[in-house]
Amino acid sequence: MLRLAAYLSIGCLVAGLGVARTAAAAGPGADEPSAAAKQALSSLEEGSVPLYVLGDLNQDGRVDKEDRRLLSDLIAARANRAPTPAGVKCVAAGDLNLDRAIDREDLAMLDSWLAKQSEVSPAALDYEPSLPCRLTGAFVASWLDPSPGQKIPVTLLRPDLTTRNVTAAIKSGPGTIQSRADGKSYDLQVNDKAKPGDLIVVLFTLPNQRQYALSLPISQPSPAQFPKHR
Ligand SMILES: [Ca+2]
Ligand SMILES: [Ca+2]
């Protein structure tokens, strides 16, 4: 399962994503995470991965008709083996159905989302390491696929966000979430009686009132991950 990559150490992760390195090589610019965000990424706890907003191809925090336009352009570019359109910061965010391909099925899905609302809300958070993403808009990092009884870290990445101006609440599923004293992270506790296949959904409300949902499927306990976070 690809999400097993979530259990790589953060050093491998940052190198593997090519996010910080690519941005650094390109020099300062609007397309790269801020210095503070890079610092937050490099100091993440082992196993945490930065999340992007699914459908937010330009990484502006909103999933709207501009992303629809970019996705359509991206599909055409890939079909013609042309370069990725300049406005697309996160190709992975265009894989709405999570099948690791960017195609018309994703466009149809985005159309269905936007048929009901001009901006998708709450937007979903996700992580897919096999597709490129500059993560300029990433505001939170988390472990993925926690196991029953496990306590995992959820970390706010953007310097302007704290546990006081962000609301994180369990929307559904067998877990609880509590802010830590550092003001930048939470402990998400999976209930002991949770079963593999259960789903915990965490709803984040940012100071601008935008909402984002993180869905965490419960996995089988893994001997490698248990000692570190229990
Ligand atoms: Ca957008
Ligand atoms: Ca897809």
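Colleague: How many bridges join β4 to β5, and do they run parallel or antiparallel?
Modeller: Three bridges hold strand β4 (residues 140-142) to strand β5 (residues 151-156), and the two run antiparallel. V140 sits opposite L156 of β5. Two strands pair here if DSSP finds at least two bridges between them. Helices (H or I, at least four residues) and strands (E, at least two) are DSSP runs, numbered from the N terminus.

Colleague: What are the ground rules on the model and numbering?
Modeller: The model is predicted: local features need pLDDT of at least 70, side-chain atom pairs count only at pLDDT 80 or more, and totals for chains, interfaces and linings use all residues. Residues are numbered from 1 along each chain as its sequence is written, while chains are lettered from A and ligands numbered from 1 in the order in which they are written.

Colleague: What is the mean pLDDT of the chain?
Modeller: The mean is 85, and 81% of the residues reach 70 or more. pLDDT is the predictor's confidence in each residue, from 0 to 100.

Colleague: And what about residues 1-30?
Modeller: There the pLDDT is below 50. Beyond near neighbours in sequence, that stretch has 38 contacts in the model. A contact needs two C-beta atoms, placed from the backbone, within 7 Å.

Colleague: Back to β4 and β5. Which sheet are they in?
Modeller: An open sheet of five strands, in the order β1-β4-β5-β8-β7, with antiparallel pairing. β1 (49-50) and β7 (175-179) are at the edges with a single partner strand each, so one side of each has no neighbour in the sheet.

Colleague: Where does β10 sit in its sheet?
Modeller: Between β3 and β9: the order is β2-β3-β10-β9-β6. This open sheet also has five strands, but its pairing is mixed.

Colleague: Mixed how? How do β3 and β10 pair?
Modeller: In the parallel sense. Strand β3 (residues 123-126) meets strand β10 (residues 211-217) over three bridges. A123 stands opposite Y212, and L125 has L214 as its bridge partner. On the β9 side, β10 pairs in the antiparallel sense over seven bridges. There T205 is bridged to Q211.

Colleague: Which side chains of β10 are buried?
Modeller: Y212, L214 and L216, which point to one face. Buried means 20 or more other C-beta atoms within 10 Å of the residue's own; exposed means 12 or fewer, partly exposed is in between, and the C-beta atoms are placed from the backbone.

Colleague: What about the hairpin of β9 and β10, how many residues lie between the strands?
Modeller: Five, and Q209 takes a positive phi near 75° there. Q209 counts as exposed because it has 8 C-beta neighbours inside 10 Å.

Colleague: Where is R81, and what is its phi?
Modeller: R81 is in the loop between α4 (65-79) and α5. Its phi is near 55°, positive in a residue other than glycine. R81 is exposed too, because it has 6 C-beta neighbours inside 10 Å. Most residues other than glycine have a negative phi, and most peptide bonds are trans.

Colleague: Which way is the bond from S121 to P122, cis or trans?
Modeller: Cis, with omega near -10°. P122 is found in the loop between α5 (104-116) and β3.

Colleague: New topic. Which residues are buried in α3?
Modeller: A37, A40 and L41. They are on the same side of α3 because they cover an arc of only 100° around the axis. The arc is that of the directions from the helix axis to the C-beta atoms. The face turned away from the buried side carries the exposed A35, A36, Q39 and S42.

Colleague: Why does A36 count as exposed?
Modeller: Because A36 has 12 other C-beta atoms within 10 Å. A36 lies in helix α3 (residues 35-42). Its C-alpha atom is 6.4 Å from that of P159, which is 123 residues away along the chain.

Colleague: Last one. What share of the contacts comes from residues 24 or more positions apart?
Modeller: 65% of the contacts in the chain with a separation of 6 or more. The chain has six helices and ten strands. Of its 230 residues, 37% count as buried.
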